[in-house]
Amino acid sequence: MQSSSHAAGGALPVPRLAGHFASLEVQNHAARLGMWLFLATEILLFAGLFICYGIYRFLFPEAWAAASRSLDLTLGTVNTVVLITSSLTAALAVHYAKDGKNKAVAVQLGLTLVMAVGFLVIKYFEYKHKFDIGTLPGRFYSYEDIQLPGVPLYFTVYFCATALHGIHVVIGMVVLSFSLVRALKKADFGPNNFTMVELGSMYWHLVDLVWIFLFPMLYLV
Amino acid sequence: MGIANESRQEERNMREEHHGAGRYWLIWGLLLVLTAVTVATGRIHIPTWGLLLALVIATTKGTLVALYFMHLADHRGANRLVFAVSIIFVVLLLSIPMVDLGTRFRGATPPGSTYSDLQAIDIGADAQEGRYGGGLRKEGKMGEGSDVNKK
């Protein structure tokens, strides 16, 4: 498939082929590679927090175990299931986008967004409980039942990691919303045009991927 | 030309899926099973191997997500390279500080930590409000930095 055939014909309104790409395949490949490069920086961003976690867990193992057990494992497990299921619907959205089933894409992305909201609501209740009992970072820690060196550090790591992850959930929701609106309004996703859904979905899977590691690290010490 | 071939192959893999939506449901089921396993094994707090087991399960789940949900299995050369290199860097970033920390002179570890001879009480903070332990916030003062209780 040569670029000239696209440029000259103009029969396909989407996707637009930029002049500097030899073909649509190369353009899609470049888009995907760019997304992977961006996701690599995201992985390294979270890696910084994982290192803090590793170092302080090594230094304060008892505090880590005690603090971890003060979290609500049920809520954490429910949130894990919610996020994994939202990843499934995001993957299904890409699947339907390839088939050009725009209604199904909108439904799957809608479900993903609903579960994302559910995740954040559960997270809100977990945060609220921590503010109520005083398991907070640094000098704001005031929980009488666990008094061990290093416990406030656990909550520093906990809040940094889950808040950064929460921000990613919100950004992912915005990204997927754009695809949702397009699937409803323009309804032009199809075998030649699904990169937008695909890349948005990749971002969402990264959010899921990070949580898959955060969950056992924080809740199951 | 090599890149063009790679693009073409990747495009073909992505466009003509060799599988239906069933594969995603299968992966989802596997992820839920693995979540159940990690919760079940995590709750009994296996000493020593608990962390390793949790990380192995999490890595398995992460691999499933990356390969099938993120389509790394259908992608070619460059994408896989980028992902693999980022994972290698994460492992390096994690292991080098840990090796450093694990081989330190005891006196160089933070007071109050398991590997330090100095505990909270030795550094002028009472056990109830160890400098590194945070401790109770009492009326009229905010945790560390206060010398009311210093010996």
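Which residues do ring pairs link into a cluster? In this predicted model, the cluster consists of Tyr53(A), Trp64(A), Tyr127(A), Phe131(A), Tyr141(A), Tyr154(A), Phe155(A), Tyr158(A) and Phe159(A), which ring pairs join together. Over all chains, the structure holds 18 aromatic pairs. Two of these pairs, Phe38(A) with Tyr203(A) and Phe131(A) with Phe159(A), are set out below.

| Pair | Centre to centre | Angle between planes | Arrangement |
|---|---|---|---|
| Phe38(A) and Tyr203(A) | 6.1 Å | 10° | stacked |
| Phe131(A) and Phe159(A) | 5.9 Å | 70° | edge-to-face |

The planes of Phe38(A) and Tyr203(A) stand at 10°, and the pair is therefore stacked, since planes under 30 degrees apart are counted in that way. Because Phe38(A) belongs to helix H2 (residues 24-59) of chain A and Tyr203(A) to helix H7 (residues 195-219) of chain A, this pair ties together parts that are 165 residues apart in sequence.

In the pair of Phe131(A) and Phe159(A), the angle between the planes is 70° and the arrangement is edge-to-face. Phe131(A) lies in helix H5 (residues 102-133) of chain A and Phe159(A) in helix H6 (residues 151-185) of chain A, so the parts that this pair ties together are 28 residues apart in sequence. Phe131(A) is exposed, its relative accessible area being 52%, while Phe159(A) is buried, with a relative accessible area of 12%.

Technical notes
Residues numbered from 1 in each chain as written. Chains lettered and ligands numbered in written order. Predicted model: local features only at pLDDT ≥ 70, side-chain atom pairs only at ≥ 80, totals over all residues. Heavy atoms only, no water. Phe/Tyr/Trp six-rings, centres within 6.5 Å; stacked < 30°, edge-to-face > 60°. Helix = DSSP H or I, 4+ residues; strand = E, 2+ residues; numbered from the N terminus. Buried < 20%, exposed > 50% of the residue type's maximum accessible area, 1.4 Å probe, protein only.
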